Amino acid sequence: MRYLLWTARNQAGALAMGIGFATLWWFAQALMPHVLGRGIDAVEGKDSSALATWSAVLFGLGLVQAYAGIMRHRLAVYNWLAAAYRTVQVTTRQATRLGATLPKRLSTGEVVSVGNSDIAHIGNSMDILLRGTGSVVAIITVTVIMISTSLELGLIVLIGVPLMAVAVGPLLKPLHKRQQAHRELQGELSTRAADIVSGLRVLRGIGGEQVFAERYREESQRVRHAGVRVARVESMLEGAQILLPGVLIAIVTGIGASFAIGGQIRTGQLVEFYVYAVFLIGPMRTLTEAADKLTKGHVAARRVVRILAIEPEVSGGEESSQGGLLHDVKSGVTVQPGTLTAIAAGTPEDAIEIADRLGRYTDGEVSFGGADLGSLPLREVRSRVLVADNNARLFAGRLRDELDVRGDATPEAIERALHAACAEDIVQALPDGLDGHVAEAGREFSGGQQQRLRLARALVTDPEVLILVEPTSAVDAHSEARIADRLAKARAGRTTLVCTTSPLVLDRTEHVIYVESGRVVAEGAHRELLATEPAYAATVTRGED
């Protein structure tokens, strides 16, 4: 609820204007039955002057209602969009701030569901504030008019409306719980779907497509059953919105008719009471709708707040560094500036952990040019040290924009990066070349093509320190040899660290660091380590001569 209040404060001006027009819209409607009743009394009394006056008033109220209705709707749409897309902005900004922390703390489905459904519920909660506030004013206006005309009928409305609101209340708590459970299952199902889509090629290769399809089917049925449970409560809520106002209409109309027969009220007043009884269905349904949408908005806001409450695992300081030697104390890895260095680890996870510490994606005691890497501003670290792994994504859009993420690379720099990554053939195969469109996640490219394009993107960025994690694991041996040769030339004089166990790549590096159990065991040239370190030789040759 605090998030909804924060959203309302940020668009307080538009909300106030919308509430004003919604109040005027309902108020004009609330006065119409009264004016209509006065007009009927004028007809019954054959008073032409009064009839003309009340007809003009009725026409004026119609114009006011039309104008206020148009403005109310415009502001309702504006407030819906403002609340929804402000939520998109804050969650996107938070996702950028969290970086690598986000996928560790939340599943993909939970994040996706914010954009799929939660923004709509938050927008609806802002929208309903307009009509909900106006409906309260309308009910108060009708009650005052009815009490001033007939105390008994006015009291019936005054007591009946709160009773109907209380009667609907018990349905809201179970609705809240079921909606929460339904959304959690939706998030899990979205995560499952994302995992299946991303690993579809692998699943087909090992024959596991049918197994995962069956699991997805079972989970989707659980989501469907949860949705049905939500719909049961919602159907009861919808029924109550018709039944309860209908009962109030019947009571008011019946008592009003008996008063008219007894001469206690005029014919015009009887019509007025009947129209008011029918009219009250609108404000009453709006109040019930407001309770429903605010409940859904509260559930959605809780998910957004859960994302906003996460703090990054790492943070930066305010110091600076001239750059130079990059040293990880825990593992003992030291990367000399301006060299092409490789880490060969007996366990691939060890190399990944070292790369994460050197790139400041996890906490660790790392020095950069003599300064503590953790004391540098995180933005500066990200701009100077780039970790490129195979979990990086290709996004939809022009290939040129995908490769030049900063938008400041020259065409020659892009061509050099493509050449170094052996990716010219990929661009040449596209009808529009670099202006060709890349589909979401680059699904039109094979695994090896995606890997080469990711490498080209990293080379275009040209950071001070480039850390590559298994950059050639999905390409053929001939391409791998060419990439190894060209990478050394493309990064000449720049600090580059490659985490790999490929002999083709290791043979072209200037220095190799062999790691076992997270610690440096040996260092030297590739061929030297092959001759002196049996464990290293077994790791990089995979037991082959």
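Student: Is the crossing of helix 2 and helix 3 left-handed or right-handed?

Tutor: The crossing of helix 2 and helix 3 is left-handed, a word used when the near helix is turned anticlockwise from the far one by less than a right angle, with right-handed used if clockwise. Keep in mind that this is a predicted model, where local features need pLDDT of at least 70 and side-chain atom pairs count only at pLDDT 80 or more, while totals for chains, interfaces and linings use all residues. Residues are numbered from 1 along each chain as its sequence is written, and side-chain values use heavy atoms, leaving out hydrogens and water.

Student: At what angle do helix 2 and helix 3 pack?

Tutor: Helix 2 (residues 12-44) and helix 3 (residues 48-98) pack at about 160 degrees, and their axes are 8 Å apart. Helix 2 is therefore roughly antiparallel to helix 3, a label for angles over 145 degrees, whereas 65 to 115 is roughly perpendicular, under 35 roughly parallel and the rest oblique.

Student: Which residues touch the most other members of the largest nonpolar core?

Tutor: They are Val142, Met146, Val161, Val252 and Phe279, in a core of 43 residues. Such a core is a set of buried Ala, Val, Leu, Ile, Met, Phe, Trp, Tyr and Cys residues joined through side-chain atoms within 4.5 Å, and buried means under 20% relative accessible area, with exposed over 50% and partly exposed in between (1.4 Å probe, protein chains only). The largest share of this core, 10 residues, comes from helix 5.

Student: And what does Met146 touch?

Tutor: Not counting residues up to four places away in sequence, Met146 touches Leu151, Leu153, Gly154, Val157, Val252, Phe273 and Tyr276, where contact means heavy atoms within 4.5 Å.

Student: New topic: is Arg357 buried or exposed?

Tutor: Arg357 counts as buried, because its relative accessibility is 7%. Arg357 is found in helix 11 (residues 348-358), and its contacts, leaving aside neighbours within four places in sequence, include Asp328, Lys330 and Asp363.

Student: Last one: how do helix 14 and helix 16 pack?

Tutor: Helix 14 (residues 411-420) and helix 16 (residues 447-461) pack at an angle of about 140 degrees, with axes 8 Å apart, which means that helix 14 is oblique to helix 16. The crossing of helix 14 and helix 16 is right-handed. Their contact is made by Ala413, Ile414, Ala417, Leu418 and Ala420 of helix 14 together with Ala456, Leu459 and Val460 of helix 16.

Definitions and conventions: Axes are lines fitted to C-alpha atoms, for helices over the stretch in contact, and angles run from 0 to 180 degrees between N-to-C directions. Helices (H or I, at least four residues) and strands (E, at least two) are DSSP runs, numbered from the N terminus.
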